[in-house]
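Look at the structure below.

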Amino acid sequence: MPIGSRSAGTSTRRAPAAKAASDAALFPAQPVGAWRRLAELLLQREVLAARVRRGGPVALAAEPARGPEVDRLVESLLLDGTGGSLDDTLAARRRRLDEVDAGFADPVASARRALDDELSGDGVFAILAANAGLDRKAAEMLGLLVAVELDLSLQRLAAWLHDGAPSRRLTLGLLTRLTGSPPATGAGDDGTGLAAVAPEGALVRAGYVTVDDDGPWADRTVAVEPAVIWALLGDRSRDPDLPAELDIHLAAEPGDRRLRLVAVHGGDRWRRRQTGADAAGATRYLVAAAPATERAWRALVREATIRGCGVVLEVDRPGDAGTAWGGALGPEARRWLERASHVVWVLSSTAQLPLDSLPRRPWRELEASDEPAGPDEWAELLPGAEVGRHPLSADQIRQVSRAYGAVGGDLDAAVRRLASGAIDRLARRVRPRRTWDDLVLPAGRRAELAEVVSRYRHRALVHGTWGYRLGQANGVVALFHGPSGTGKTLSAEIIAHDLGLDLFTIDLSAMVSKYIGETEKNLEEVFDAASAANVVLLFDEADSLFGKRSEVNEAKDRYANIEVSYLLQRIERYEGIAILTTNLLKNIDQAFLRRIDVLAEFALPEPDERLALWRLGFPPTAPLGADVDLEALADRFKLAGGNIHSVCLTAAFLAAEAGGVITMTEVVEGLKREYAKLGRLRTTEEFGPWLS
């Protein structure tokens with residue numbers, strides 16, 4: 001993985017470019033660096049200065065020992081104090097403080113030059129500093145904090161300097177003394193690097209450190225996050241505070257380094273990710289939904305900073321806690337996007353984000369195409385599969401590829417796995433098993449049904465390559481109408497089987513609600529889930545939902561009309577296959593007919609079709625008696641296919657109970673029961689000798 005360019009930082013220099021690290025070895029093991037040597041010197045100098053202030057003995061060494069413990073350090077530097085007046089004592093102490101500063105001036109200056117050299121290299125500490133955009137003073141502050149976290153002897157020095165306070169971590173007050181003068185002379189630039197741990201300081205906004213928010217300001221401790229320490233030690237374990245769902249995306253080409261915030265919208269999640277990542281100024285991205293907590297936000301920013309990555313924030317992913325209703329960014333998200341300006345951000349959403357929800361910083365807006373998966377993507381992700389058998393989107397083909405190997409390379413089974421999840425809770429799944437051989441229809445009617453399959457399979461070619469844009473979406477809507485039992489629902493199952501998709505029947509009892517707006521909300525969930533899952537939606541008895549709008553005489557009429565109007569708009573935007581069935585075409589609102597791609601009428605079968613249905617009703621393995629006259633049954637009884645199937649099934653159960661074969665007696669009894677259900681009289685013309 002290439003390492004980005006960098007320049008050693010000072011407070012006046014431009015922040016160095018981020019450095020990316022590979023997944024194979026996030027960082028190499030880190031030796032003791034100049035940042036650690038500088039921390040030792042600063043702590044030792046402050047110990048000696050504190051001895052002077054407290055009136056204790058002090059001595060200077062030309063080269064202070066490296067990392068001594070407090071007792072050993074103090075004992076080795078003992079020197080008796082001098083007596084005298086208060087003025088003499090104060091003057092002596094000032095001279096001794098000057099001697100301390102003078103004695104440490106060269107070693108500290110040398111250590112700072114070494115730190116500058118180290119920040120110009122490619123070591124771990126340099127990477128961490130560059131990715132967070134730290135200048136040299138902020139890097140010195142980070143080194144001081146990390147050194148104390150790592151070294152027990154330095155912790156003892158810090159504890160001693162706290163004059164009895166229990167903390168062995170550095171406090172804001174002690175950091176002020178260690179790094180220079182108090183921060184009272186300026187707002188934000190105190191000349192010491194202390195600004196790096198301010199609420200909006202570089203170390204805080206990068207998520208590297210946290211500052212205690214309780215107690216007097218000077219006593220508040222500053223802690224380095226464990227992930228930073230582990231990174232310095234060469235460990236790349238996942239930060240437990242990161243969002244649960246986290247992905248890595250590599251940009252195809254390096255983007256514009258000047259682009260630090262991109263908002264991209266479009267219908268396909270993968271195309272949005274691809275478009276935003278390729279345009280913005282990073283080559284590697286963490287992909288996540290907006291975090292739900294402050295701690296998770298800090299972890300996401302910290303991980304991106306440590307790795308030198310950008311972040312693709314999927315704003316409207318279901319369940320986002322960091323976004324408001326409708327996919328707009330929430331206040332916490334905007335705050336982090338504004339403060340973590342050192343990270344490259346890509347905001348991914350299906351629709352354009354509201355202007356008042358975007359962060360107050362420069363950004364660029366892009367629109368991602370909804371181009372379906374192309375031949376190259378099929379060859380890469382689904383090797384050996386029939387290219388284009390299913391018109392998969394770029395996002396769907398990547399989901400299918402995850403299941404492709406698990407189902408033994410069965411493309412249809414892998415595509416059906418898309419339907420797992422939310423849609424199972426909203427509609428009834430039917431595993432299609434019926435084929436065209438199970439359907440008895442005139443040739444013209446079968447051709448109309450085959451057109452549904454053809455429209456689905458070739459919609460990418462016609463609407464995409466050939467440029468036909470005949471509506472808001474490229475979905476297929478079919479309406480099957482005719483008497484009950486004529487094969488409308490069966491045809492929907494056969495179409496789903498031919499396409500290798502699952503069929504989901506809308507449960508009207510679960511959809512329709514007496515509460516205003518709930519029906520539309522339930523249907524919206526179904527349409528969204530079906531679009532993501534690539535399934536066939538079946539609205540059985542569709543006239544109950546898609547009925548004609550009426551004049552408004554009562555409030556309930558107005559809300560009923562609103563539901564129908566919503567469905568008119570929503571079905572036009574649906575990208576999949578929707579099949580509507582009804583026994584009463586005249587009850588369907590005329591506005592729906594304009595939106596229908598295939599309208600098929602199902603009529604009662606003719607005698608030759610009824611004969612084929614009777615033959616299908618008795619499987620070859622069924623014990624059918626010789627007296628069963630299928631031709632006579634087809635000629636006499638004018639029944640729909642569903643009724644014929646019911647008669648055959650009833651006769652089979654009667655024969656099984658009797659322990660014999662299926663005879664004409666059982667078939668006639670089945671006919672009598674079916675006629676009773678239909679409310680039809682048994683006539684001599686139909687039943688003849690079997691009338692009794």
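The buried residues of helix α14 are A394, D395, Q396, I397, R398, V400, A403 and Y404, where buried means under 20% relative accessible area, exposed over 50% and partly exposed in between, with a 1.4 Å probe and protein chains only. The model is predicted, so local features need pLDDT of at least 70 and side-chain atom pairs count only at pLDDT 80 or more, while totals for chains, interfaces and linings use all residues. Residues are numbered from 1 along each chain as its sequence is written, and side-chain values use heavy atoms, with hydrogens and water left out.

**Helix α14**

- Helices (H or I, at least four residues) and strands (E, at least two) are DSSP runs, numbered from the N terminus.
- The buried residues of α14 pack against α10 (269-279), α13 (375-381), α15 (411-416) and α20 (518-533). Contact means heavy atoms within 4.5 Å.
- An α-helix has 3.6 residues a turn, so residues three or four places apart point the same way.

**The sheet with β3 to β8**

- An open sheet of 6 strands has the order β3-β5-β6-β7-β4-β8, and its pairing is mixed. Two strands pair if DSSP finds at least two bridges between them.
- The edge strands, β3 (247-250) and β8 (364-367), each pair on one side only.
- From one strand to the next, the twist averages 25°. Axes are lines fitted to C-alpha atoms, for helices over the stretch in contact, and angles run from 0 to 180 degrees between N-to-C directions.
- Strand β4 (residues 261-265) runs parallel to β8 and is joined to β8 by 4 bridges. A263 stands opposite E365 in β8.
- Helix α11 (residues 294-307) packs on this sheet and touches β5 (284-289), β6 (310-314) and β7 (345-349). The direction of α11 makes about 170° with that of β5.

**The sheet with β9 to β14**

- The order β9-β11-β12-β13-β10-β14 describes an open sheet of 6 strands with mixed pairing.
- At the edges are β9 (427-430) and β14 (598-601), each pairing on one side only.
- Neighbouring strands here are turned by 20° against each other on average, direction ignored.
- Strands β12 (residues 536-539) and β13 (residues 577-582) run parallel and are joined by 4 bridges. L538 has I579 in β13 as its bridge partner.
- Helix α20 packs on the sheet, touching β11 (503-506) and β12, and its direction makes about 150° with that of β12.
- Helix α16 (residues 443-457) lies across β10 (476-481), β13 and β14, at about 155° to β14.
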